[in-house]
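Keep the structure open beside the text and follow along.

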Amino acid sequence: MSEKEPSKKKSPPKGIKYLIGGASGMGATLCVQPLDLVKNRMQIAGAGSGKKEFRNSFHCIQTVISREGPLALYQGLSAALLRQATYTTGRLGVYTYLNEEYRIRTNRDPNVLASMAMGTIAGACGAFIGTPAEVALIRMTSDGRLPLEERRNYKNVGNALARITREEGVTALWRGCLPTVGRAMVVNMTQLASYSQFKSYFRTGPLQMDEGIKLHFFASMLSGLLTTITSMPLDIAKTRIQNMKMVDGKAEYKGTMDVLLRVARHEGIFSLWKGFTPYYFRLGPHTVLTFILMEQLNDAFNKYVLGVEKRGSGI
């Protein structure tokens, strides 16, 4: 008992886990925001008409820069940072906490099913908290493609949230909440669980990798690829529902299944993976940067604040 008590005191406070998770996500977002904008524009392009607006990701980037200027690639950055401050803080904090509790209670690493269950719970919690920022982000990154008279022209995320509440009611801040939570559950079930499993495999399997940036990089890149494949259809549904306008008092889409069926019918089944390249090149690096930053911040906190050489984030 006396040997366990000091290690318990040396464990980072639960609040720090949430702060580190949010800071990691915000740092990663600063690097990949242009790709998020491209992904959103490509997913919204052709809504309703089925008309192809962009040939590929590079054509989308070229079009945005030529029409709106290079800084337009960072449109919606304030909303993206708020989203990370809410969504990522919640999901990584909850997942890290659940992981450590599992290890304490079972004295072993979580298996695949346990990791998936914890990822699902963490994703649902984070997504519900982060939906208002998500709605603002989708609208702000999509605004530039609309005709001048139809643009919302939000000044920043605070202005966006205030105007949405005033003009459409407070419930509009949670528009698309179900597909957002559904997507987040799939994303986190895949991303967090696969990261944990890849990391464990690389560390204990044939490669015998040591804890460090190399291990975190390979585990997070593979995790990002799996997550992109599984979550894209729900991401398209979420994006279109959150960006839709009311036409003659009626919503453009009835729900997630309506979006998925209409996209498949009018634009083709593979349109459910429209924007795959920017989505992966956004999610891949974002996953890598988020996990690497989180691992490094945890190591730094353990070393410089707690005075211990404990390595790793607990994931």
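## A salt bridge within one helix

Arg 163 and Glu 167 sit four residues apart in helix α6 (residues 157-168), so about one helical turn separates them. Their side chains meet in a salt bridge, with 3.0 Å from N to O. A salt bridge here is a side-chain nitrogen of Lys or Arg within 4 Å of a carboxyl oxygen of Asp or Glu. Helices are DSSP runs (H or I, at least four residues), and they are numbered from the N terminus. Side chains of opposite charge can pair when their charged atoms come close.

Buried means under 20% relative accessible area, exposed means over 50%, and partly exposed lies in between (1.4 Å probe, protein chains only).

## Where the model comes from

This is a predicted model, in which local features need pLDDT of at least 70 and side-chain atom pairs count only at pLDDT 80 or more, while totals for chains, interfaces and linings use all residues. Residues are numbered from 1 along each chain as its sequence is written, and side-chain values use heavy atoms, with hydrogens and water left out.

## Salt bridges between helices

How many salt bridges does the rule count? The count comes to 19 salt bridges. One of these joins the side chains of Lys 17 and Glu 100, at 2.9 Å from N to O. This pair links distant parts of the chain, with Lys 17 in helix α2 and Glu 100 in helix α4, 83 residues apart. Lys 17 and Glu 100 are both buried.

Glu 267 also forms a salt bridge, with Arg 240, and the closest N and O atoms are 2.8 Å apart. Glu 267 lies in helix α9 (residues 256-267) and Arg 240 in helix α8, so the pair ties together parts 27 residues apart in sequence. Again, both Glu 267 and Arg 240 are buried.

Asp 36, Lys 39, Arg 83, Glu 134, Arg 183, Asp 235 and Lys 238 are linked in a network of salt bridges. Look for these names again in the lining of the second largest cavity, which is made up of Asp 36, Lys 39, Asn 40, Arg 83, Glu 134, Leu 137, Ile 138, Arg 183, Asp 235, Lys 238, Tyr 279 and Arg 282. A cavity is a set of points, on a 1 Å grid over the protein atoms alone, where a 1.4 Å probe fits but cannot get out; lining residues have an atom within 4 Å of a point.

This second largest cavity has a volume of about 70 Å³. Volume is the space filled by probe spheres set on the grid points, which are joined across faces, edges and corners. By class, its lining has three nonpolar, one polar and eight charged residues. Ala, Val, Leu, Ile, Met, Phe, Trp, Tyr, Cys and Pro count as nonpolar, Asp, Glu, Lys and Arg as charged, and the others, Gly among them, as polar. Helices α2 (14-44), α5 (112-142), α8 (213-243) and α10 each supply at least two of the lining residues.

## The largest cavity

There are six cavities of 30 Å³ or more by this rule, and the largest holds about 80 Å³ of space. Which helix gives the largest share of its lining? That is α4, with five residues. Helices α4 (77-106), α7 (177-204) and α10 (276-305) each supply at least two.

The lining includes Arg 83, Tyr 87, Arg 183, Val 187, Arg 282 and His 286. It divides into three nonpolar, four polar and four charged residues.

On the surface, Leu 225, Ile 229, Ile 269, Phe 270 and Trp 273 form a nonpolar patch with about 510 Å² of accessible area together. Patches of this kind join nonpolar side chains (Val, Leu, Ile, Met, Phe, Trp, Tyr) within 5 Å, from residues with over 30% relative accessible area and no salt bridge. Accessible areas come from the Shrake-Rupley method with a 1.4 Å probe, and for residues only the protein chains shown count as cover. Ile 229 belongs to helix α8 and is partly exposed, with a relative accessible area of 41%.

Most residues other than glycine have a negative phi. Asn 153, in the loop between α5 and α6, has a positive phi near 55°. Gln 208, in the loop between α7 and α8, has a positive phi of about 50°.

Terms used:
On a 1 Å grid over the protein atoms alone, a cavity is a set of points where a 1.4 Å probe fits but cannot get out, and a pocket is an open set with protein on both sides within 12 Å along at least five of seven lines; lining residues have an atom within 4 Å of a point. Patches are made of residues with over 30% relative accessible area and no salt bridge: like charges are joined within 9 Å, nonpolar side chains (Val, Leu, Ile, Met, Phe, Trp, Tyr) within 5 Å.
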